[in-house]
Amino acid sequence: MSSSKNPEDIKAERIKEASMARRIIVIAILALIVIFLVGGYFLYNYIEEGLSPVDPDNDELIEVSVPLGSSVEDIANILEENNIISNATIFDYYVTFKNETGFQAGDYQMSKSLSMNEIVETLKTGTIMVEPQFTVTIPEGTTLEEIAEIYGEETSIDAEEFMNKMTDEEFIQTLMEEYPDLLSDDILNEDVRYPLEGYLNALTYSFYEEDPTIDQVVRMMLDETRTQVFNYIDQIESRDLTIHEALTMASIIENEAPKADTRFMVSGVFYNRLRPEEGREEMPLQTDPTVLYAKGEHQERVLNEDLEIEHPYNTYQNRGLPPGPISNYRENALEAAVDPEYHNYRYFLHGDDGDIHYAETLEEHQANIDEHRPSND
């Protein structure tokens with residue numbers, strides 16, 4: 001005869017099993033809570049320690065050197081090596097989270113008592129202990145080839161090697177990965193003469209080492225350009241421009257309107273040609289500096305025969321903006337490129353009297369030529 005459990009025994013066993021399962025679940029949950037709390041505690045302490053001064057009571061100054069071209073990761077490692085911060089990784093995350101930029105190369109005085117925020121501000125605006133060994137001024141309206149010549153004359157950099165670097169595809173791709181918010185695929189357009197034309201900011205640069213490398217110089221200049229451009233990013237986007245287009249327009253304005261107070265008017269003329277009001281046809285930009293860039297030569301005045309050159313940068317033969325910038329520019333030109341003066345003029349003339357004369361129609365423009373440039377061929 002087979003034996004069987006009565007219903008009461010089965011029910012008792014199931015209650016016992018359910019009770020055991022509940023205990024196991026409760027224990028597991030409590031274990032997870034404990035692990036979470038302990039892990040959170042250690043993570044909090046880890047972050048808190050990384051963000052806190054290494055030694056709040058130690059004001060002894062330490063000289064910290066930040067070389068040209070240093071990335072945030074490089075700077076974090078330098079600070080950790082000098083015991084100014086306790087954790088390079090946390091510094092890197094802190095800077096990224098706060099979107100801090102504009103760190104300068106140089107030799108700084110820092111102490112272990114500095115907070116994270118004080119360190120960041122020191123790197124951006126701190127007093128440099130050592131005077132620069134030399135400075136190099138890159139004027140506004142300078143092309144890459146001219147920049148190469150300047151560095152060739154004033155530094156140990158070879159001008160030819162500099163220009164070879166400007167066409168080095170691997171180098172350009174590396175920079176595009178490092179500056180994805182600044183350098184787009186637009187610079188790789190097959191009609192663009194040099195990918196970085198217009199992207200190396202006009203400025204006086206300080207050098208704290210005798211022999212800077214081309215890589216360091218280029219990154220230093222790109223850092224300045226990125227900082228400047230993103231001061232105007234809202235205007236660039238609201239005008240429905242890419243950064244590449246904005247820099248291209250700025251470079252043209254820089255070369256076409258040397259006087260700062262005329263640039264907003266000239267910019268308005270260009271937009272009236274590129275984006276005319278309803279009822280008016282688009283017309284070529286027809287700006288002489290693009291013709292000179294297409295020729296690759298310096299000359300005082302563009303001749304009529306020059307206007308017939310078949311070249312992607314010749315805005316007499318091609319509508320719209322040229323493939324890319326024709327030089328660098330000053331900030332005022334970029335501002336004019338994204339915030340033009342509104343008017344109805346579509347023509348302007350540099351008169352022999354040194355002024356710019358504007359016109360709405362071709363007939364009015366011709367009258368300005370007859371009156372203000374009688375020497376014109």
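**Close-up views of side-chain contacts in a predicted model**

**View 1. Lys 165 and Asp 215 form a salt bridge, their closest N and O atoms lying 3.4 Å apart.**

**View 2. Arg 226 and Asp 181 meet through their side chains in a salt bridge, with an N to O distance of 3.6 Å.** Arg 226 lies in helix H8, while Asp 181 lies in the loop between helix H7 (169-178) and S4, so this pair ties together parts that are 45 residues apart in sequence. Arg 226 counts as partly exposed at 22% relative accessibility, and Asp 181 counts as partly exposed at 36%.

**View 3. Glu 254 and Arg 330 are joined by a salt bridge between their side chains, at 3.2 Å from N to O.** Glu 254 is part of helix H10 (residues 243-256), and Arg 330 is found in the loop between helix H12 (288-295) and helix H13 (331-338), so the pair ties together parts that are 76 residues apart in sequence. Glu 254 is buried, with a relative accessible area of 6%, whereas Arg 330 counts as partly exposed at 28% relative accessibility. A search of the whole structure finds eight salt bridges, and the pair of Glu 254 and Arg 330 is one of them.

**View 4. Tyr 151 and Phe 207 form an aromatic pair, one of the six counted in the model.** The ring centres of Tyr 151 and Phe 207 are 6.3 Å apart and the ring planes stand at 85°, so the pair is edge-to-face, a description given to planes over 60 degrees apart. This pair links distant parts of the chain, since Tyr 151 is in helix H5 (residues 144-154) and Phe 207 is in strand S4 (residues 203-207), 56 residues apart. Both Tyr 151 and Phe 207 are buried. Ring pairs also bring in Phe 134 and Phe 162, which are linked with Tyr 151 and Phe 207 into a cluster.

**View 5. Arg 239 places its charged end over the ring of Tyr 271.** The distance from the charged end of Arg 239 to the centre of the Tyr 271 ring is 5.1 Å.

**View 6. Ser 113 is found in the loop between strand S2 (106-110) and helix H4 (116-125).** With a relative accessibility of 15%, Ser 113 counts as buried, because the limit for that description is under 20%. The side chain of Ser 113 makes a polar contact with the side chain of Ser 111, at 2.8 Å. When neighbours within four places in sequence are left aside, the residues in contact with Ser 113 are Pro 53, Asp 55, Pro 56, Asn 58, Asp 59 and Glu 118.

Key:
Residues are numbered from 1 along each chain as its sequence is written. This is a predicted model: local features need pLDDT of at least 70, side-chain atom pairs count only at pLDDT 80 or more; totals for chains, interfaces and linings use all residues. Side-chain values use heavy atoms; hydrogens and water are left out. Rings of Phe, Tyr and Trp (its six-membered ring) pair if their centres lie within 6.5 Å; planes under 30 degrees apart count as stacked, over 60 as edge-to-face and the rest as tilted. Helices (H or I, at least four residues) and strands (E, at least two) are DSSP runs, numbered from the N terminus. Buried means under 20% relative accessible area, exposed over 50%, partly exposed in between (1.4 Å probe, protein chains only). A charge sits over a ring if NZ of Lys or CZ of Arg is within 6 Å of the ring centre and within 35 degrees of the ring normal. A salt bridge is a side-chain nitrogen of Lys or Arg within 4 Å of a carboxyl oxygen of Asp or Glu. A polar contact is a pair of N or O atoms within 3.5 Å; within protein, one must be able to donate a hydrogen and the other to accept it, and residues adjacent in sequence count only if both atoms are side-chain atoms. Contact means heavy atoms within 4.5 Å.
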